[in-house]
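Please look over the model below. A short report on its parts follows.

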Amino acid sequence: MIQPYVEPQARTIDRSRTNAATLEVEGLSVLFQGLAAISDVSLTVNRHEVFGLIGPNGAGKTTLVNCLTGFQRPTSGRILLGGDDTSGWPAARFRERGVARTFQAGRLFKDMSVSENVEVTGTGLGLGLRSAREHARALLDWVGLSDKAQLPAGALAYTDQRRLGIARSLVLSPAFILLDEPAAGMSDAECEDLNELVAAIPQLFTCGVLLIEHNMRVVMGISHRIHVLDGGKTIAEGTPEEIQRHEAVLAAYLGMDA
Ligand SMILES: Nc1ncnc2c1ncn2[C@@H]1O[C@H](COP(=O)(O)OP(=O)(O)OP(=O)(O)O)[C@@H](O)[C@H]1O
Ligand SMILES: [Mg+2]
């Protein structure tokens with residue numbers, strides 16, 4: 001069972017900066033030394049949904065998330081947050097305006113405590129230390145890490161590190177969070193817990209989720225819609241039921257196993 005979440009008051013923060021209802025990708029392409037990692041991809045994530053992004057290794061999923069968070073500049077195409085063109089925004093601006101992410105490879109401050117890892121995100125976003133601590137406490141309670149708050153982050157089990165990454169991305173209730181393979185390396189039971197947490201985010205935090213995940217049980221179980229990339233191109237978008245019987249999707253995954 002997941003815990004209720006009660007967001008602390010933070011009057012210093014201007015909420016109007018993070019009120020975008022959509023995160024849109026329009027005709028996006030990314031070339032690396034002439035090689036297309038993403039080719040003319042368009043999609044829209046809504047604030048009330050879990051939007052799955054799947055595809056075989058090298059499909060361009062992480063590159064797309066890098067573009068959506070200011071870590072990679074698109075070669076062409078646009079990204080719109082609540083209709084605003086984000087061209088030229090650095091990563092910090094995306095986060096301030098309510099687009100947060102986790103990384104495929106963790107990127108925690110391993111020598112800092114679990115709580116401090118969340119607090120520094122809060123202070124980085126303009127909260128005072130006391131507010132940042134309150135936010136950290138509320139989020140760590142919610143992800144089930146409150147009893148480990150004082151441990152160094154590097155001492156956490158891998159799956160707990162994933163939870164911490166999620167807690168950190170949710171500081172100040174962003175409009176969208178982008179989760180890059182949060183269930184990687186987890187057992188089935190651990191996946192169930194994670195499913196419950198991620199599935200609760202849109203309602204609890206009024207936050208859209210873009211979920212990259214290879215574990216099909218996780219993606220199919222909690223996504224409202226799924227977008228499928230293969231070799232940098234869109235091959236399908238639809239509900240989990242539609243995607244599961246989509247011929248091009250089946251071919252892409254069968255091709256991967258062959
Ligand atoms: N910085 C880079 N320089 C050159 N090529 C890159 C760079 N980043 C990614 N690529 C290439 O772009 C393509 C897409 O990579 P990307 O990491 O986005 O795929 P992915 O769908 O996230 O894969 P995975 O499921 O393995 O995480 C791959 O061919 C990859 O080798
Ligand atoms: Mg990736």
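What covers the buried residues of H5? The cover includes strand S6 (99–101), helix H3 (114–124), helix H4 (129–143), S7 and H6.

## Basis

This is a predicted model, in which local features need pLDDT of at least 70, side-chain atom pairs count only at pLDDT 80 or more, and totals for chains, interfaces and linings use all residues. Residues are numbered from 1 along each chain as its sequence is written, while chains are lettered from A and ligands numbered from 1 in the order in which they are written.

Helices (H or I, at least four residues) and strands (E, at least two) are DSSP runs, numbered from the N terminus.

## Helix H5

Helix H5 spans residues 158–169 and has twelve residues. From its first C-alpha to its last, H5 reaches 17 Å, close to the 16 Å expected at 1.5 Å a residue. The expected span is 1.5 Å times one less than the number of residues.

Nine of the twelve residues of H5 are buried, so H5 is largely enclosed by the rest of the structure. Buried means that 20 or more other C-beta atoms, placed from the backbone, lie within 10 Å of the residue's own. Among the buried residues are Arg 162, Leu 164, Ile 166 and Arg 168.

## Two domains

The domain assignment gives domain 1 (19–98 + 176–247) and domain 2 (108–173). Such bounds come from an automatic or database assignment. The C-alpha centres of the two domains lie 23 Å apart.

Eleven residues of domain 1 are in contact with nine residues of domain 2. Contact means C-beta atoms, placed from the backbone, within 7 Å. On the domain 1 side, strand S7 (176–180) and helix H6 (188–205) each supply at least two residues. H6 gives the most, with three residues. By class, that side has seven nonpolar, two polar and two charged residues. Ala, Val, Leu, Ile, Met, Phe, Trp, Tyr, Cys and Pro count as nonpolar, Asp, Glu, Lys and Arg as charged, and the others, Gly among them, as polar.

## Ligand 1

The residues around ligand 1 include Phe 32, Asn 57, Lys 61, Thr 62 and Thr 63. Each has its C-beta atom, placed from the backbone, within 6 Å of the ligand. Helix H1 (residues 61–68) gives the most to this shell, with three residues. The shell has three nonpolar, six polar and one charged residues.

## The sheet

Four strands form an open sheet in the order S2-S1-S4-S5, with antiparallel pairing. Pairing requires at least two DSSP bridges between two strands. The edge strands, S2 (35–46) and S5 (84–85), each pair on one side only. Eight bridges join S1 (residues 22–32) to S2. Leu 31 has Ala 36 as its bridge partner in S2.

Definitions and conventions: Two residues are in contact if their C-beta atoms, placed from the backbone, lie within 7 Å.
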